Amino acid sequence: MTPDAKRDELREKIEAGERRHAARDLAEAARDAAESATEFVKKHPLATLGGAIAIGLVIGAMTKPGRQLTRRGGKLATLVADAAIAYGVSMLEKAGEAATQGQDKLEDLGDALDDKRRTVRREAAHLASTAADRTRSAKRRVSRKTERAVRDLRTRFTS
């Protein structure tokens, strides 16, 4: 597909999306937003709770009583921020550990597959060698029996 064709296709998709968006009424948009918010809260309850706390702190700090509390509650805000940072760092560390464990398992799997491949190859070579030996042995037996049969026939006809 040429770049111009891709660009035209993208424009058509954008225009179709704009038409669909314009056709939607406000109630449908509100319903979709509520469903999306519900799904997000179900998938990420801790992030939602942390976001709600942060928004509450920001709104509280904007009010006059909140500004007075902020002076006194600065330590609490610092503790909350530190806890959030520690939680985020621990999640990143866990993700890194999981990635490392996955990488280790892939390496182990690769080693096991390589070992199995070598074993199968060795067994196939052995079976092929055995089959070749048996074929040569059968050829010699058939050749001897044929020579004997021909010799016996010659002696019968010459005598």
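A surface patch, as the term is used here, is made of residues with over 30% relative accessible area and no salt bridge, nonpolar side chains being joined within 5 Å. The exercises below apply this to a predicted model.

**Exercise 1.** Identify which residues form the nonpolar patch on the surface, and work out why Met91 meets the accessibility condition for a patch.

*Solution.* The nonpolar patch consists of Leu46, Tyr87 and Met91, which together have about 310 Å² of accessible area. To place one of these residues in the fold, note that Met91 belongs to helix H4, which spans residues 64-158. The relative accessible area of Met91 is 40%, so this residue is partly exposed.

**Exercise 2.** Find which residues form the positive surface patch, and state where Arg141 lies.

*Solution.* The positive patch is built from Lys139, Arg140, Arg141, Arg144, Lys145, Arg148 and Arg151. Among them, Arg141 is located in helix H4, and with a relative accessible area of 42% Arg141 is partly exposed.

**Exercise 3.** Determine how many salt bridges the structure holds, and describe the pairs that involve Arg7 and Arg11.

*Solution.* The structure has seven salt bridges.

1. Arg7 pairs with Asp4, and their closest N and O atoms are 2.8 Å apart. Because these two residues stand three residues apart in helix H1 (residues 3-23), about one helical turn separates Arg7 from Asp4. Both ends of this pair are partly exposed, Arg7 at 41% relative accessibility and Asp4 at 48%.
2. Arg11 forms a salt bridge with Asp8, with an N to O distance of 3.5 Å. Arg11 and Asp8 are likewise found in helix H1, three residues apart, which is about one turn of the helix. Arg11 is partly exposed at 46% relative accessibility, as is Asp8, whose relative accessible area is 39%.

**Exercise 4.** Describe the salt bridge between Arg136 and Asp133, and then name the residues that shared partners join into one network.

*Solution.* The side chains of Arg136 and Asp133 meet with an N to O distance of 2.3 Å, and since a salt bridge requires a nitrogen within 4 Å of a carboxyl oxygen, this pair qualifies. Both residues lie in helix H4, three residues and about one turn apart. Arg136, with a relative accessible area of 44%, is partly exposed, and Asp133, with 39%, is partly exposed too. Elsewhere, salt bridges with shared partners link Asp114, Asp115, Arg117 and Arg118 into one network.

Methods
Residues numbered from 1 in each chain as written. Predicted model: local features only at pLDDT ≥ 70, side-chain atom pairs only at ≥ 80, totals over all residues. Heavy atoms only, no water. Patch = residues over 30% accessible without salt bridge, like charges linked within 9 Å, V, L, I, M, F, W, Y side chains within 5 Å. Areas by Shrake-Rupley, 256 points an atom, 1.4 Å probe, with all protein chains shown as cover. Helix = DSSP H or I, 4+ residues; strand = E, 2+ residues; numbered from the N terminus. Buried < 20%, exposed > 50% of the residue type's maximum accessible area, 1.4 Å probe, protein only. Lys, Arg positive; Asp, Glu negative; His and termini not counted. Charge placed at Lys NZ, Arg CZ, Asp CG, Glu CD.
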